[in-house]
Structure formats: structure tokens, C-alpha cells
Amino acid sequence: MQNQTQIFGIRAIIEAINSGETIDKVFLQKGLHGELFSELETLLRKNSINSSYVPVEKLNRLTKKNHQGAVAQISPIEFHDIETLVLNVIESGKTPLFLLLDQLSDVRNFGAIIRTAECTGVDGIIIQKKGGAPVNGDTIKTSAGAVFKVPICKVDHIKDAVFYMQASGIKVIAATEKTENTLYNISFKEPCAIIMGSEGKGINPSTLKVVDEKAKLPLLGDIESLNVSVACGAFLYEVVRQRS
């Protein structure tokens, strides 16, 4: 799967971007220069494509081919437009349920969340263009194929999705420990979107300031937090319980 979702070579990546290929992330060799390399860097910035500069050893591990200092991960799925998706769900007559992931970094957590989302009837998942886990072979495997069933959208910043949800009449609820309110005190019966934060930092503080409600899971042991995919499952199944 990894080779099927990967292209290498500066010119090949430039052509892929110009042809509209959906690219999740590009790895660039540290310290590399040249006119063609600069053209690729400009194109990545222009299209807001996630990229990182890495040692050549990292690129050599990604591929045995002549990568010329650049390797790209191609998304195996087509991403949806958030405005079209939200409008279609609202017009369908069902009560919308969306999931917003604020820079989740682990592909296996991402895959597990997508799998749970599919099982609980989530209408769509929104992720940020930069800083989050890509949709790759590990994501697909962990999701048990659910990645092909749940629509996924990309936005410049999660706050963009928050504001659009709110403007569409959808309540935004943050899953965070920075509240005294538990999820059992929240009503999930109306249209809602749940935000889950990254494994290390949680939800961005600036995003927390604009949500409609905050909720946490009660923790009765000594460990202060749950794995994000487990926590997400608990939130989604509370939605299922309330709506059943």
C-alpha cells in the first residue's frame, strides 16, 4: 500500500500537483537547492500542501528509487468540499453529526477513529490541511476500509470548520479535560459536531475559545487521560445512545 500511495522525484511531484493529484504530504531533503527544487517549494506553498524537510536518510528509507530529494505521499481517497457536504447532510433531513480532528498525529488513532465514526453514523470528518496524520496504508488498514465510506474534508484551520458549522446551525462541542462539565450533561440530540484534539496538545486554545460547549469524560483512576480514539468512541456512542 505504501508504494501505491507514493511518488518520487521533483519534476514528477510538480506534474502531479499541477494535474490536480490529491497529495497529503511532501518530504523534502534538507539543504537541497536549485531552480527546480525552488519551483516545487513555491508550488507547495501556493497550494497549502503539507511538507517537511528531512535528512536524505529518511528519503532513502521511504524509497529505493532515485528520489532527487523529494518524496510525496498521495492520498488514496478524494477529499470532499465541506460546504457541499454539510449542505447535503442538512437537506437529507437527518440530524447532522460531524467529527472535527484538531491535528491528530498518529495514523493508527486516525484510522481507529474513522472506523468508529463509520459504525456510529458520523456524516463526515473534517481535518486540517497541515499538521495532521495523513491518509495512508496504515490509516486504511486500521480503519478496516471505513476510510472509503466516511466523507473526509480538509480545511485551512479547524476554526474555519467551527465557524462554518455554527453558521449552518450545528452546535460545536469540544472534547476536553479543561472543563468541569461531563459529556453526560450535554445534549447531542440536535445537530452537532464534536472536536477531538491531538494526542499531545489536545485542542488548540484559540479553538476552545469559539466552541459552543465543552465536555469531558469522567476518569476514576489515576491516569489523567484516555487514548484519543477511545475517548472519541465514548463520545460518539453517547450520541448514539441519546439519539436512539
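Trainee: How many cavities of 30 Å³ or more does the structure hold?

Mentor: The structure holds one cavity of 30 Å³ or more. Keep in mind that this is a predicted model, where local features need pLDDT of at least 70, side-chain atom pairs count only at pLDDT 80 or more, and totals for chains, interfaces and linings use all residues. Residues are numbered from 1 along each chain as its sequence is written, and side-chain values use heavy atoms, without hydrogens or water.

A cavity is a set of points, on a 1 Å grid over the protein atoms alone, where a 1.4 Å probe fits but cannot get out. The space in the largest cavity comes to about 130 Å³, a volume being what probe spheres set on the points fill.

The lining of the largest cavity has 14 residues, each with an atom within 4 Å of a point. Nearest the centre of the largest cavity lie Ile127, Gln128, Gly132, Ala133 and Pro134. At least two lining residues come from strand 2 (23-29), and at least two from strand 6 (124-128); strands are DSSP runs of E, at least two residues long, numbered from the N terminus. By class, the lining has six nonpolar, four polar and four charged residues. Here Ala, Val, Leu, Ile, Met, Phe, Trp, Tyr, Cys and Pro count as nonpolar, Asp, Glu, Lys and Arg as charged, and the others, Gly among them, as polar.

Finally, where does the largest cavity sit? Because domain 1 (6-74) and domain 2 (82-243) both give residues to its lining, the largest cavity lies between them; the bounds come from an automatic or database domain assignment.

Terms used
1 Å grid on protein atoms, 1.4 Å probe; cavity = no way out; pocket = protein on both sides within 12 Å on 5 of 7 lines; lining within 4 Å. Helix = DSSP H or I, 4+ residues; strand = E, 2+ residues; numbered from the N terminus.
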